[in-house]
Amino acid sequence: MAVTTQQLLQWKQQGRSIVALTAWDYAIAQILDASGVDLILVGDSMAAVLGYETTLPITLEEMLLHAKAVRRGVKHALIVVDLPFLTYQESLQQAMHSAGRVLKETGAQAVKLEGGYPAMVETVMRLVQAGIPVMGHVGLTPQSVHQLGLRQQGKTEVAGERILQEAIALEQAGVFAIVLEHIPANLATQITQKLTIPTIGIGAGNYCDGQVLVTSDVLGLTEKQPPFAKVYTNLRETITKAVQSYATEVRERKFP
Ligand code: KIV
Ligand code: NA
């Protein structure tokens, strides 16, 4: 049975941890889905596999192309697609247009956008009222990299309180879940206890209702990983060895 946004809420109530990973193409999505991942995020972190240094240059067209490929590979998981930088911040109309294109053109079930400041909360409320499921994202928001850097957020009491209030406002606006990125574990715990909707942590301790990681980090495809990522296998090494073996065999006329 396909995972729904309501299912995620039930899992929080049951204390069953939500497993989320990112995907950017058909093959990866198929493998994650068949492995039992609950939520697949077409994250703008795919900037890393497209060769961009930050998530800022990614376009809506690129997200749509990759989200469609992911959709074709998924039977079970809930698919959430990131709205890229400046495809939703400009106006409600722009956000509605971008989120609408994601749902209508890709078949994904939800969008994710960054920030919990008042104007964004208002946008989220209107998207949700229009029938578009929205996932929130607070703490470290990589689309603000030129303001925040990639540092842990919410370290002081004041900063932590602000993130908590943003999370509460987003829940009230109707998000079905919220990503907490790179904040202290005790703050993430406090937010998780305060909210009815599930929290999905990345670098936010192990008390969140679920965890998400960037799959290219998990697989060791990226050249550098953030401190909170866990690298479960080294595909760069595996692929290098395979390619070198192939090259040697071709040059020595051993293959075919
Ligand atoms: O783009 C992404 O992969 C994300 C996750 C880190 C939550 O937004
Ligand atoms: Na993202």
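Helices (H or I, at least four residues) and strands (E, at least two) are DSSP runs, numbered from the N terminus. This is a predicted model, in which local features need pLDDT of at least 70 and side-chain atom pairs count only at pLDDT 80 or more, while totals for chains, interfaces and linings use all residues. Residues are numbered from 1 along each chain as its sequence is written, with chains lettered from A and ligands numbered from 1 in the order in which they are written.

**View 1. The whole chain, to get our bearings.** Eleven helices and eight strands make up the chain's elements. Its C-alpha atoms fill a box of roughly 65 × 40 × 40 Å along the principal axes.

**View 2. The annotated trio Asp44, Asp82 and Glu114.** The unreviewed UniProt entry lists these residues under "binding site"; such annotations may be inferred rather than shown by experiment. They span 71 residues in sequence, yet no two of their C-alpha atoms are more than 11.1 Å apart, so they gather at one spot.

**View 3. A closer look at Asp82 in strand S3.** The strand covers residues 78–82. Asp82 is buried, with 28 other C-beta atoms within 10 Å (buried means 20 or more, with C-beta atoms placed from the backbone). Beyond its neighbours within four places in sequence, Asp82 has contacts (C-beta atoms within 7 Å) that include Asp44, Met63 and Lys112.

**View 4. Glu114 in its loop.** Here the loop joins strand S4 (110–112) and helix H6 (118–129). Glu114 counts as buried, having 23 C-beta neighbours inside 10 Å. Setting aside neighbours within four places in sequence, look for its contacts with His137, Thr141 and Gln143.

Definitions and conventions. A residue is buried if 20 or more other C-beta atoms lie within 10 Å of its own, exposed if 12 or fewer, and partly exposed in between; C-beta atoms are placed from the backbone. Two residues are in contact if their C-beta atoms, placed from the backbone, lie within 7 Å.
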